Amino acid sequence: MTTRKCRMIVSLTSLSLLLRFIMAVGCTLAPRTSPENQLRLPPGAPFKIALFADLHFGEAAWIDWGPQQDVNSLKVMSTVLDKEKPDFVIYLGDVITANNIPIANASLYWDQAISPTRVRCIPWASVFGNHDDTPFEWPMEWFSSTGIPQIHCPAANSSYSGEEDCSFRGTSRLELMRNDIGHSTLSFSKAGPKELWPSVSNYVLQLSSPSDPESPVAFLYFMDSGGGSYPEVISRAQAEWFKQKSHELNPDSRVPEIIFWHIPSKAYKKVAPTFLLFSSCVGSINKESVAPQEDEMGIMKLLAERPSVKAVFVGHNHGLDWCCPYKKLWLCFARHTGYGGYGNWPRGARILEITQHPFSLKSWIRMEDGHSHSEVILTS
């Protein structure tokens, strides 16, 4: 690793520590007024959510191009947040590209990715994608001139200590999640039931009425669709967890349910339009084939059988942003938000708007240049 690369990592460390200080002063000291698994609609207004998908912070971290993509991604998120002023943000997986991050503590990049939301004091939740905890992949060009490259540890005055911090071992899902929830009361992310680990981000949040916190308006389910350290799948155990939890919280399916994970299920491949313009789907780009999970182990059957499930939202495919009807619910892609990752399509974010009386779920795409498109009602 060159001296320039070491300076980049040390600089990143200093920036992260500064961001943490600013964010702590601005937001984390404010007490949370509702339970840790409960969100509240604002009085007299809809509840708005911004979905940030496939940010891929830390990609090509050892060359100038990589950090510049992260800067560009920060600008996209800032534009969306300032235009939409959402009540909540969901990070829909692939927050970082761990296979490109040559340090053990990838949470430094995660902190950067969260920072536009945190500095605006907006609460958030996250699920994992297939790149968030992938093992580091050594670039072949590092071996081209002098053989095996020496590992140069960051300076002693950084947040690292000891040789193990230069082991390139990566950062596990559990470590990343603990970091996400450990630095701010604004994070509603959860590690999920231990019996589902290493599938970590499995949890549910209740969106409550502004006048009665015991009255749910919707349940938001977050699930880990795998990838990275284990196969790309929502397991039968996760499906059973959803079945038990939904029956416990919503036994008569009276309350609407909205689902979030990263990698599309095989059902997405079934509904994918050949020609977006001539289909019942709503969106603006249909530039690639759906890349689904490796197997289907029952979750879609459960969702399709529950009349309360209104929509599933995923990322993963950067060249797709459509919503398509599937049985009695909708299957939706977010919009590729980050400048990391493949594809040069314009970046943006999917926005959700939830209204209580009568219940409605509306969605559209807000682009990096500020304009919006592809509005669709997902409860009709």
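Helices (H or I, at least four residues) and strands (E, at least two) are DSSP runs, numbered from the N terminus. The model is predicted: local features need pLDDT of at least 70 and side-chain atom pairs pLDDT 80 or more, while totals for chains, interfaces and linings use all residues. Residues are numbered from 1 along each chain as its sequence is written, and side-chain values use heavy atoms, without hydrogens and water.

View 1. Of its 380 residues, 58% are buried (under 20% relative accessible area, 1.4 Å probe, protein chains only).

**View 2. Helix H2 spans residues 65–84.** From first to last C-alpha, the 20 residues of H2 reach 29 Å, close to the 28 Å expected at 1.5 Å a residue (1.5 Å times one less than the number of residues). Buried residues of H2 include Gln69, Ser73, Val76, Met77 and Val80. Among the elements that cover the buried residues of H2 are strand E3 (88–92), helix H3 (107–119) and strand E11 (348–355).

**View 3. An open sheet of seven strands runs in the order E1-E5-E6-E7-E8-E10-E9.** Its pairing is mixed (two strands pair if DSSP finds at least two bridges between them). Strands E1 (38–40) and E9 (323–326) are the edges, each pairing on one side only. The twist from one strand to the next averages 20° (axes are lines fitted to C-alpha atoms; angles run from 0 to 180 degrees between N-to-C directions).

**View 4. E1 pairs with strand E5 (residues 203–208) in the parallel sense.** Three bridges join the two strands. Gln38 has Gln206 of E5 as its bridge partner.

Definitions and conventions:
Buried < 20%, exposed > 50% of the residue type's maximum accessible area, 1.4 Å probe, protein only. Contact = heavy atoms within 4.5 Å.
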